[in-house]
Amino acid sequence: MFDFCIDPQNLDGFYWWSCYLTTGKHISFYTSFFVVFALLIVTVPLILLFGFLGAIARQSRIYPIRIFGITYTSVVRGVPDIIFFLFVPIALDQGIEYLRHKFKCSEWVEPIRQGNDFVVCQIAKMPMGSSDQWIHDTYGFFLAALAFSIVFGAFAANTIHGAINAVPPAQIETGVAYGMTRKQIFIRIQLPQMWAYALPGLSNLWMILIKATPLLFLLGVQDIVYWARELGGTKTARFTYPHSDWRLGYFIVLLVFYLFLSWVSEIFFNKLTLKVSKGQATLNGTVGGTIDYISVSDDEVRNS
Amino acid sequence: MSCLQTLTDYGLRSIGQGVRGLPKSDITLCDQFVLIGSGMIWNVYFAIIALFFGFFAATAIAFAKNSPQAILRVPSSIFIFILRGSPLFIQFFIVYETFVLFPKIGIDLNLIFMEITVETRWLTRAWLGALIVLFLNTTAYSAQIFYGAIQSVPLGDIEAAQALGLTNKQINKRIIWPTMLRLAWASYTNEAIFLFHATALVFFSSFPAWQQKGDALYYASYFADKTFNPFVPYPIIAMYFIIFTIIIILIFNSINKKLNKHL
């Protein structure tokens, strides 16, 4: 990085550190922080989408859809998220390859599951074996993001379902009295007002989502945990920058990063709660006080 | 090999009893059910011990955070903030790396007290090291729930107790604590469920599964790797977790009934 970094053996103190912290691998470490934000940006809209679909399915008048909605939200809540993170990407991967195989190689007669192997024809591979490494990485990242969205979508569905039903019934009766249809009542009365009720649950969910991001490492994504382990491990004298086991130090950096992220989010959501509840028939809206969204509520969830 | 044979071979495999080698080829459905179920012993062990000790520690820290004295309030608030604000996954890493460094640091001390060398070795094992992390983690989350509940205790109740001449200690013990438990119980049930789910992370973070003695997820992912078929082991472990989650809900609801008996 710097001119004086050519011969690190003879450096010490400040110069050694300024060279050590700007090596190529360290730059990869710094950029991997964006992987965390990329995951958050990709998953949040999907989580809200799954949440809405789940909540609508739960109160559908069509029986199979209602059963599906209830099963989706309760099964995901009853099982550790890490199991879904391990299961969903590989299941999706095999599902996609299975379908591609059926379409593209319909002349194959051999079974796809041969003992302990999963065999599809070459052109059904997803992504193609000949693709660049970054395509494989991106594909893996999106499968992981989808797994996150499915899990957190179930939690969001629960919160949104509760929030839709928390809109005072008198207002819905008023809508009925005016001759609105079910759809109109939902779009004009329930949807605009539910946010104030959903916000405590959704902000809590955001905090949990932040804290679930290091699990990306378990899915093979080169995220901050991967680089912290990589860089922190003991480097013998063969390396340009030899040092002992510094993983503890690197993980403390990650700890501080997450604490900072939680702290900033907490301040942001406290402000947003005040804003959204203006004029609402809640304690926040009328009295103007703040409700600590992490305090006691039936909907409180937490996770890794 | 009959399923009964598998049960005697692998039923207690996760705690080191039975056959040493894990099934490698011709993995049957029975193998998967038995071994994953065997791994659940670890999950239940972590959950019960961490929740039991965590409950008392959380009560103490919740009252400390509510204390007017800064010397009690500030450290407990910091403790809660750090453990609730960071991922459990990172906490596992940090604590493990710290414990790994322990014996190296403690050499001077160990020349005089020989036992300490032995004890620090155990800290890097999951049964103690991971348990400490889970205990600290659930303590922080429960303490925040209890603290929120203390703040919601009706002021009238406390004033009534003061009017009757109860001391502060008596008010804490007879008025605030029981009311706090009642108010917090729904959230605390959730916390217990999520702590139980968090136990699945133990062998997936830094703590190695010594001699392949791991928890349910350790075996489930072992089978998923070996058979390259995720559609069998993961639904099995999901089923186990749902069953135990229902048991937790039943236990906590029956306690909740006792807490609300007088109402």
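In what order do the elements of chain B run from the N terminus on? Select chain B and follow the chain from that end: the elements run α-α-α-α-α-α-α-α-α-α-α, with 11 helices and 0 strands. Helices (H or I, at least four residues) and strands (E, at least two) are DSSP runs, numbered from the N terminus.

Before continuing, please note that this is a predicted model, in which local features need pLDDT of at least 70 and side-chain atom pairs count only at pLDDT 80 or more, while totals for chains, interfaces and linings use all residues. Residues are numbered from 1 along each chain as its sequence is written, and chains are lettered from A and ligands numbered from 1 in the order in which they are written.

**Chain B as a whole**

With chain B still selected, picture a box of roughly 75 × 55 × 30 Å along the principal axes, which the C-alpha atoms of the chain fill. Of the 263 residues in chain B, 39% are buried. A residue is buried if 20 or more other C-beta atoms lie within 10 Å of its own, exposed if 12 or fewer, and partly exposed in between; C-beta atoms are placed from the backbone.

**Ser205(B)**

Next, select Ser205(B), in the loop between helix 9 (168-198) and helix 10 (216-227) of chain B. Is Ser205(B) buried or exposed? Ser205(B) is buried, because 24 other C-beta atoms lie within 10 Å. Two residues are in contact if their C-beta atoms, placed from the backbone, lie within 7 Å.

**Where the chains meet**

Now display both chains. Here 44 residues of chain B are in contact with 38 residues of chain A. On the side of chain B that touches chain A, the largest share, 9 residues, comes from helix 9 of chain B. By class, this side has 28 nonpolar, 13 polar and 3 charged residues. Ala, Val, Leu, Ile, Met, Phe, Trp, Tyr, Cys and Pro count as nonpolar, Asp, Glu, Lys and Arg as charged, and the others, Gly among them, as polar.

**The largest nonpolar core**

Select Ile83(A), Phe84(A), Phe92(B), Phe146(B) and Leu217(B), which touch the most other members of the 120 residues in the largest nonpolar core. The largest share of this core, 15 residues, comes from helix 5 (residues 133-166) of chain A. A nonpolar core is a set of buried Ala, Val, Leu, Ile, Met, Phe, Trp, Tyr and Cys residues joined through C-beta atoms within 7 Å. Centre the view on Phe84(A), whose contacts, leaving aside neighbours within four places in sequence, are Val76(A), Val79(A), Ala147(A), Ile150(A) and Val151(A).

**Two helices of chain A**

Finally, select chain A, which has 10 helices and 2 strands. Show helix 5 with helix 7 (residues 182-212) of chain A: they pack at an angle of about 150°, with their axes 8 Å apart. Axes are lines fitted to C-alpha atoms, for helices over the stretch in contact, and angles run from 0 to 180 degrees between N-to-C directions. Helix 5 and helix 7 of chain A are therefore roughly antiparallel to each other (angles under 35 degrees count as roughly parallel, over 145 as roughly antiparallel, 65 to 115 as roughly perpendicular and the rest as oblique). The residues of this contact divide into 15 nonpolar, 4 polar and no charged.
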